[in-house]
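Subject: Structure handover

Hello,

Here is the structure I promised to pass on.

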Amino acid sequence: MGFLESGSPMRWEDTPEYHKILDYVIKHGVTQFLEVYEKVKDRKNDVLLWGDELEFHVYKTMPDGSVKLSLRAHDLLAKLEAEDAELLSKEGTIPQATWHPEYGAWMIEATPYGPYGGFSEDLRDVEPSLRYRRRRIVSALDKDEGLCSLVAWPLMGVGDFCVPSGLKPGGSVAESYFLPDELINPHPRFATLTRNIRLRRGKKVDIRLPLFMDEKTSLEPESVTGKTFAIKSQDNLTETRTRPKDVYMDAMGFGMGCCCLQVTFQARDLRESRILYDQLAMLCPIFLALSAAAPVFKGVLVDTDVRWQVIAQSVDCRTPVNLGAAEKPSTLPGATTPQRGTQRISKSRYDSIDCFISTEPSLRPEYNDGAMEMNQEALDTLLASGIDEPLARHVAHLFVRDPLVVFSERIEQVDDKLSTEHFENIQSTNWNTMRWKPPGLDVKTGWRVEFRPMEKQLTDFEDAAYITIIVLITRVILFFDLTLYVPISKVDENMRRAHARNAVLEQKFYFRKDLLVLSEQCDEDQAQAQAQAQAQAQAKTPVEEEYHEMTIAEILTGKGEEFPGLFPLISAYLEIMQADPETVELVNVYMDLLIARSTGDLPTTASWMRDFVQKHPDYKGDSVVSEKIASDLVHHCEKLSNGEIQDEALLGSNKIFPLSVDRCSRVNPRTTKNDSAMPSIPATPPQ
Ligand code: ADP
Ligand code: MG
Ligand code: MG
Ligand code: MG
Ligand code: MG
Ligand code: MG
């Protein structure tokens with residue numbers, strides 16, 4: 001999660017002085033963006049590099065068999081890094097993974113040490129890399145600890161759910177009814193984010209999920225599921241209560257304590273990064289639904305399968321005016337100045353993207369039909385500095401948010417040419433489905449985009465499948481010059497649908513009828529001419545006729561004569577590239593898993609988990625996931641992740657190799673590097 005600065009983080013205050021500091025950071029953030037943009041805008045011909053990020057929960061099994069979050073990721077990270085350093089100094093072994101802290105004091109994020117490359121054989125490195133990371137973390141754990149790959153810890157916020165035990169909720173940072181502040185990562189950034197979101201809003205975050213109503217679910221106030229909670233008004237004067245059907249959560253930890261799966265790709269240049277950002281945006285809801293793995297929150301089954309809205313609500317810093325209240329900004333008790341935020345903002349800073357940014361002829365203005373609130377001053381500056389309109393709007397939209405963490409020593413940067421810290425401050429706390437990442441000042445890396453919607457899976461095999469497929473989809477988009485555009489409002493509607501229980505089978509999603517696949521391979525000039533001609537033809541079609549509703553299975557595998565489906569395009573791409581047979585075989589295994597999930601031949605992790613709970617002997621049909629059910633679930637999942645057991649109900653005939661076994665790839669490990677490259681442009685077929 002973002003980068004870790006050091007210094008004294010400032011507490012949010014509604015005072016003229018503090019608001020002035022925020023304005024200063026915003027203003028200089030824009031300048032810093034302009035400085036770096038000017039430097040890197042013409043950077044060309046970067047190669048494809050890409051990498052994943054995965055998060056895990058560390059837990060402890062207590063003598064009575066119950067499971068609790070183990071708040072010592074900090075020690076584990078230090079241990080893993082020390083081991084790496086020792087291997088390097090003693091044996092000269094270059095580390096194979098990088099370990100990162102995350103929001104929760106029990107969480108570990110792991111990435112490959114360096115990004116993967118642009119050869120088809122690189123796809124075969126993913127699963128071994130994931131396996132390696134899991135093995136390393138597991139071997140660093142204490143005997144009674146385990147590594148859990150669930151998205152949401154099932155007992156988060158239920159009773160005494162952490163070790164050390166006896167921690168009390170209601171601390172001064174989150175003021176939660178349920179979560180102790182000690183579970184927040186001790187780096188000051190994380191507590192500051194938590195506190196400042198609450199202070200900016202004027203009250204703590206308010207997360208509601210619909211309760212899953214099972215046969216015997218009770219809404220009586222004395223039942224676990226029927227409990228309601230007091231919500232204070234802004235001025236602290238009045239109180240309302242949550243509804244019994246709401247699964248109510250009130251702290252950032254419920255959201256940022258979820259484990260996600262993110263993948264970052266380096267683009268050839270600025271233009272390609274903008275194309276990828278846009279085109280992948282349409283796939284975010286699809287891959288969210290297809291990777292669904294979060295049916296349990298706070299000890300109950302919920303009536304949704306994915307985490308996204310929980311995180312969105314858990315960091316929603318909008319004030320009443322931002323949320324649309326008609327009144328003028330209120331002044332909170334103890335504040336000297338009215339709350340920040342003078343405009344309505346339609347989404348949380350963690351949400352689906354709001355606008356497309358490419359300058360391709362296929363991007364019709366009608367597609368950008370989202371509510372695009374912008375920082376007007378930033379927009380004016382960007383436009384006056386020559387930034388084109390789509391990009392200026394994107395950046396000005398990022399800057400509609402306030403900085404959440406400001407370090408008092410670091411406000412005055414020596415020179416905006418030498419720092420991007422204020423820009424990154426805003427950028428790294430706009431947690432959208434896609435992130436467009438400009439190169440840093442060190443200019444080591446190129447233009448990148450990050451695909452952020454997917455849910456963490458239970459096994460390395462599944463994670464590798466989702467990662468590999470999305471990488472190949474980026475190649476297919478660029479190689480065949482696909483246009484997936486539908487209006488932003490339809491992407492939003494798809495996001496909403498992706499939250500429905502069993503969305504993968506029961507929902508349809510707005511998707512383009514015609515992907516404008518180039519009729520044949522041609523050089524870049526011909527491709528441009530084709531694109532122009534297509535765009536002109538397209539401009540005559542009403543936008544509403546360009547898309548229709550499709551199932552995820554159709555989107556992946558095709559529909560009728562017109563719509564090829566993404567996976568057949570992947571196969572065609574690999575064939576044209578003359579990818580080695582073993583990589584093709586592996587990709588087929590991965591595609592088969594995702595296809596099986598899209599048709600219901602195999603369940604999503606979420607459906608499987610809901611079933612596990614409902615079939616558990618202790619389950620009473622009342623939506624409650626008891627301590628016993630949760631610990632059995634966690635232990636079962638861990639054994640599955642480590643290859644100690646197999647579960648056909650989740651994975652069919654796909655096997656998970658035991659963690660102890662060195663071989664961890666489905667096909668032979670790669671031996672060479674000089675295989676077919678994965679080009680990203682419409683290119684002449686290889687000779
Ligand atoms: P975040 O800011 O989202 O935490 P990071 O910069 O930490 O992202 O890296 C995310 C992923 O990007 C990692 O898997 C890393 O290996 C990969 N990565 C690093 N450099 C590049 C690059 N130049 N191009 C693409 N991916 C890269
Ligand atoms: Mg990261
Ligand atoms: Mg992370
Ligand atoms: Mg990072
Ligand atoms: Mg990331
Ligand atoms: Mg095009």
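Below are the conventions, then the findings, element by element.

This is a predicted model: local features need pLDDT of at least 70, side-chain atom pairs count only at pLDDT 80 or more, and totals for chains, interfaces and linings use all residues. Residues are numbered from 1 along each chain as its sequence is written, chains are lettered from A and ligands numbered from 1 in the order in which they are written, and side-chain values use heavy atoms, with hydrogens and water left out.

**The ligand**

Start with ligand 1. Its shell holds 16 residues, and the closest are G51, D52, E53, Q266 and E450. A residue counts as near a molecule or strand if one of its heavy atoms lies within 4 Å of it. By type, the shell splits into five nonpolar, six polar and five charged residues. Here Ala, Val, Leu, Ile, Met, Phe, Trp, Tyr, Cys and Pro are nonpolar, Asp, Glu, Lys and Arg are charged, and the others, Gly among them, are polar.

Which strands each supply at least two residues of that shell? They are β1 (50–61), β4 (107–112), β11 (261–266) and β17 (448–451). β1 gives the largest share, four residues. Strands (E, at least two residues) and helices (H or I, at least four) are DSSP runs, numbered from the N terminus.

E53 places a polar side-chain atom 2.9 Å from an oxygen atom of ligand 1. An N or O atom in the side chain of Q266 is 2.8 Å from a nitrogen atom of ligand 1. For E450, a side-chain N or O atom is 3.1 Å from an oxygen atom of ligand 1. The protein covers 81% of the 570 Å² of accessible area that ligand 1 has on its own. Accessible areas come from the Shrake-Rupley method with a 1.4 Å probe; for residues, only the protein chains shown count as cover.

Now look at β1. Of its 12 residues, 11 are buried, so β1 is largely enclosed by the rest of the structure. Buried means under 20% relative accessible area, exposed over 50%, and partly exposed in between (1.4 Å probe, protein chains only).

Two strands pair if DSSP finds at least two bridges between them. The pairings of β1 include these:

- β11 runs antiparallel to β1, joined by five bridges. L54 stands opposite L261 there.
- β4 pairs with β1 in the antiparallel sense over four bridges. E55 has E109 as its bridge partner.
- β5 pairs with β1, also antiparallel, over four bridges. Y59 faces G146.
- β2 runs antiparallel to β1, with three bridges. T61 is partnered by V67.

β1 and β2 form a hairpin with five residues between them, and G65 in the turn has a positive phi of about 90°. β4 belongs to a hairpin too: β3 and β4 form one with five residues between them. Strand β3 (residues 97–101) pairs with β4 in the antiparallel sense over five bridges. W99 stands opposite A110.

**Salt bridges**

How many salt bridges does the structure hold? There are 49. Each is a side-chain nitrogen of Lys or Arg within 4 Å of a carboxyl oxygen of Asp or Glu.

One joins E145 and R72 (2.6 Å, N to O). This pair links distant parts of the chain: E145 is in strand β5 (residues 145–148), R72 is in the loop between β2 (67–70) and α2 (73–91), and they are 73 residues apart. E145 is buried, with a relative accessible area of 8%.

R452 forms a salt bridge with E450, with the closest N and O atoms 3.3 Å apart. R452 is buried at 5% relative accessible area. E450 is buried at 2%.

R597 and E462 also meet in a salt bridge (2.6 Å, N to O). This pair again links distant parts of the chain: R597 is in helix α18 (residues 581–599), E462 is in helix α12 (residues 460–479), and they are 135 residues apart. Both are buried. Finally, D23, R200, R340 and D402 are joined into one network by salt bridges that share partners.

Best regards

Terms used
Polar contact = N/O pair within 3.5 Å; in protein donor to acceptor, adjacent residues only side chain to side chain.
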